[in-house]
Amino acid sequence: NLSLSGAYFESTDKTFAMSPGDFIKVSIMIGPSKKQYLFDAKVVWARPLAVADQSGYGIAFIDRQEVYN
């Protein structure tokens, strides 16, 4: 799920655990040409899913200044 202000995604990778407040860099490929866009983001929430060993994450895109201040 992708919007102008953030995204939602799911992961089954246990080594990929993130917590609310974590800063991350996100790479998203869009369109038929698979053009890559890089975004700075902050984890807003993380929840285990009903499916075993899966987690869902909500992230907000942020200004790079928020990461490095």
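## Close-up views of the predicted model

**View 1. Surroundings of Phe61.** Beyond residues up to four places away in sequence, Phe61 touches Leu2, Ser3, Leu4, Ser5, Gly6, Ala7, Ile28, Phe39, Asp40 and Ala41; contact means heavy atoms within 4.5 Å. The model is predicted: local features need pLDDT of at least 70, side-chain atom pairs count only at pLDDT 80 or more, and totals for chains, interfaces and linings use all residues. Residues are numbered from 1 along each chain as its sequence is written, and side-chain values use heavy atoms, with hydrogens and water left out.

**View 2. The largest nonpolar core.** Ten residues form this core: Ala7, Met18, Ile24, Val26, Ile28, Ala41, Val43, Tyr57, Ile59 and Phe61. Two or more residues come from each of β2 (23-30), β3 (35-48) and β4 (55-61). A nonpolar core is a set of buried Ala, Val, Leu, Ile, Met, Phe, Trp, Tyr and Cys residues joined through side-chain atoms within 4.5 Å. Buried means under 20% relative accessible area, exposed over 50%, and partly exposed in between (1.4 Å probe, protein chains only). Strands are DSSP runs (E, at least two residues), numbered from the N terminus.

**View 3. The salt bridge between Lys25 and Asp40.** The structure holds one salt bridge (a side-chain nitrogen of Lys or Arg within 4 Å of a carboxyl oxygen of Asp or Glu). Lys25 pairs with Asp40, and their closest N and O atoms are 3.0 Å apart. Because Lys25 lies in strand β2 and Asp40 in strand β3, the pair ties together parts that are 15 residues apart in sequence. Lys25 is partly exposed, at 45% relative accessibility, whereas Asp40 is buried, at 9% relative accessible area.

Key
Helix = DSSP H or I, 4+ residues; strand = E, 2+ residues; numbered from the N terminus.
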